[in-house]
Amino acid sequence: MKRIIIVSLFSMTFCCLSVAQECIDTISWNQKITERLDDLLDNSYFEKTQLGLMIYDLTADSTLYAKHEKMILRPASTMKVLTAITALDNLGGDYKFRTSLYYNGELNGNTLEGDIYCKGGFDPAFCSKDMDSLVAVIKSLGIDTIRGRIYADVSFKDTTKYGEGWCWDDENFVLTPLPYNGELDEVFIDVFQSRLLENVCLIDSCEYEKIKEVPSDAVLLTECTHDISTILDRMMKKSDNQYAESMLYQIAHDYKGNNARAKDGLKKIKTLVKRLGLRASDYRFADGSGLSLYNYVSAELECTFLKYAFENKDIFNTFFPSLPIAGKDGTLKKRMKRTTAAENVHAKTGSVTGVSSLAGYLTSSNGHFLCFCVINQGVMKMNESKFFQNRICQILCNP
């Protein structure tokens, strides 16, 4: 009996010592990282620029390092992080972007005595192949004559063409529910009609006259769809602003229905901010892409969203693969190559005049999984801020 008790005590002591050693190692590693980051920030560069930085240890569930993390700054394209996570939280990973084709009236032999409706769902991925599929469905019905008109149903969103705070001298795309190569719905209909004329049928007295909503008795012919993961992939890896604004309007339409406004989608972002324990009134959200100069967030806010995504696997499993990978693809393809951060850092970049940012995840040299956000504002040379951001990642990843 005594031997058993002695062995048990020895096992417990060994276990306690192991845990204690692990804690000591963690503290030592944290101190080393803090010292290296402090040295990095001890630079005259930060006397003339603003910085918001937060690094959160998801494994230890604690803040690893923070500097001006509550400072309100422009996020640039890291605003897409908030939009993407809110979209997945509200719409789910199975959500689809849709463009639908309807008709009303009667089919008399090979003639349609009625109208065709192209209903937009603000799918930025809609392409020439999708257009061909719409035309092919009409062809499959044997229709060779349409005695009616072709209408565009653009009731999915409001009539706003541009986002709040977009610069007038940028070459901005148009916020249309029927996008085709970034152009207005008229272009979509023109292309659709020309494909019909060239490839399918003779249109009798048929012209694009005006916008009109699909009647309640109309028949659905077909839908072209793209998964939310497909949209996210281009939105995040290529930092496509149109895809991000489309994502915001999907949130808005899911919330308010037809004629949805950007502010409806932004309200859902604010709702999530509140749910995560922060005050939405501390920030300003103007669009879904970060293109607007009116967006103001903090590194703490972005890290809070990244932490929330990590803790919700249904969100994380769709969100994480969409992020650019350092030294490998997307907007990080040329950054951090031939370093320990390469193919480790998965993060969204951001860049507008005077602002450079980076937010995402990495596995640190002690094996812990981290999320981080760094925003540099008042930047005159983007390469300087990118070098600083790269160094942060390298310090965290170096063994």
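A residue is called buried here when its relative accessible area is under 20%, exposed when that area is over 50%, and partly exposed in between, with a 1.4 Å probe and protein chains only. Helices (H or I, at least four residues) and strands (E, at least two) are DSSP runs, numbered from the N terminus.

The structure is a predicted model, in which local features need pLDDT of at least 70 and side-chain atom pairs count only at pLDDT 80 or more, while totals for chains, interfaces and linings use all residues. Residues are numbered from 1 along each chain as its sequence is written, and side-chain values use heavy atoms, with hydrogens and water left out.

The protein chain has ten helices and 14 strands, and 52% of its 399 residues count as buried.

Eleven of the 13 residues of helix H2 are buried, so this helix is largely enclosed by the rest of the structure. Among these buried residues are Met-79, Lys-80, Thr-83, Ile-85 and Leu-91. With contact meaning heavy atoms within 4.5 Å, the buried residues of H2 pack against the elements tabulated here.

| Element | Residues |
|---|---|
| helix H5 | 228-237 |
| helix H6 | 241-256 |
| helix H7 | 262-275 |
| helix H8 | 299-311 |
| helix H9 | 313-319 |
| strand S12 | 346-352 |

After H2 comes Gly-92, whose phi is positive, near 90°.

A nonpolar core is a set of buried Ala, Val, Leu, Ile, Met, Phe, Trp, Tyr and Cys residues joined through side-chain atoms within 4.5 Å. The largest such core holds 63 residues, of which Ile-85, Val-273, Phe-285, Leu-301, Phe-319 and Tyr-361 touch the most other members. Helix H2 (residues 79-91) gives the most to this core, with eight residues. Phe-319, when residues up to four places away in sequence are not counted, touches Val-81, Ala-84, Ile-85 and Leu-88, and also Met-236, Leu-306, Ala-309 and Tyr-361. A second, separate core of 30 residues includes Ala-341, Val-345, Leu-370 and Ile-392.

A pocket is an open set of points on a 1 Å grid over the protein atoms alone, where a 1.4 Å probe fits and protein lies on both sides within 12 Å along at least five of seven lines; its lining residues have an atom within 4 Å of a point. The largest pocket has a volume of about 230 Å³, a volume being the space filled by probe spheres set on the points. Of its 17 lining residues, the closest to the centre are Glu-164, Ala-262, Lys-263, Leu-266 and Ala-286. H7 gives the most to this lining, with four residues.
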